[in-house]
Amino acid sequence: MPAMMQSLKPAIVQNRPQVERDYDTIVPLMLESMNARLNEVIEQIAAVYARNFTADELREAVAFYRGPTGQKIVQKLPAITQESMAIGQRFGQTIASELRGRMIDELRKRGHNI
């Protein structure tokens, strides 16, 4: 939440010092109200895990993530996710371009003026 508030700041403040001062004053109040609602989300997510895993499985997962390999996964996962998404996007763009070209070729073979 603090990172989100900081990312919103430039667009809202727009280099206006008075707005920035008030923004900085309001941020802790906004964060406090959002943190109060955080338990709602935690309870909903806990229910999802409870529907999908037994208590023993969750204990095993916690033990794994507390270990060195689990900690490494936690540390590296954001970068891995970002890199994987970029690969997927490039793949999707390449495939879309290729499919477009092939479709046009096939339609031209069938006599369409494309």
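Figure 1. Y49 is partly exposed, having a relative accessible area of 45%; the class "partly exposed" lies between buried (under 20% relative accessible area) and exposed (over 50%), computed with a 1.4 Å probe on protein chains only. The model is predicted, so that local features need pLDDT of at least 70 and side-chain atom pairs count only at pLDDT 80 or more, whereas totals for chains, interfaces and linings use all residues. Residues are numbered from 1 along each chain as its sequence is written, and side-chain values use heavy atoms, with hydrogens and water left out. Rings of Phe, Tyr and Trp (its six-membered ring) pair if their centres lie within 6.5 Å; planes under 30 degrees apart count as stacked, over 60 as edge-to-face and the rest as tilted. By this rule there are two aromatic pairs. One of them joins Y49 and F53, stacked at 6.0 Å centre to centre with 25 degrees between the planes. F53 is likewise partly exposed, at 40% relative accessibility.

**Figure 2. Aromatic pair F64 and Y65.** The ring centres of F64 and Y65 are 5.1 Å apart and their planes stand at 80 degrees, so this pair is edge-to-face. F64 is partly exposed, with a relative accessible area of 36%. Y65 also counts as partly exposed, at 39%.

Figure 3. K9 is located in helix α1 (residues 2-13); helices (H or I, at least four residues) and strands (E, at least two) are DSSP runs numbered from the N terminus. Its relative accessibility of 13% places K9 in the buried class. Apart from neighbours within four places in sequence, K9 is in contact with Q14, E20, Y23 and D24, contact meaning heavy atoms within 4.5 Å.

Figure 4. A salt bridge requires a side-chain nitrogen of Lys or Arg within 4 Å of a carboxyl oxygen of Asp or Glu. The structure holds five salt bridges. In one of them, E20 meets K9 at 3.2 Å, N to O. Because E20 lies in helix α2 and K9 in helix α1, this pair ties together parts that are 11 residues apart in sequence. E20 is partly exposed, at 32% relative accessibility. K9, E20 and D24 are linked in a network of salt bridges.

Figure 5. D56 bridges to R59, with the closest N and O atoms 2.7 Å apart. These two residues are three residues apart in helix α3 (residues 55-66), and are therefore separated by about one helical turn. D56 is partly exposed at 46%, whereas R59 is exposed at 54%. The side chains of E106 and K109 form a salt bridge of 3.3 Å, N to O. E106 and K109 are three residues apart in helix α4 (residues 68-109), again about one helical turn. E106 is partly exposed at 36%, and K109 is exposed at 65%.

**Figure 6. Largest nonpolar core.** M5, V13, Y23, V27 and L31 make up the largest nonpolar core. Such a core is a set of buried Ala, Val, Leu, Ile, Met, Phe, Trp, Tyr and Cys residues joined through side-chain atoms within 4.5 Å. Helices α1 and α2 (17-52) each supply at least two of its residues, and α2 gives the most, with three.
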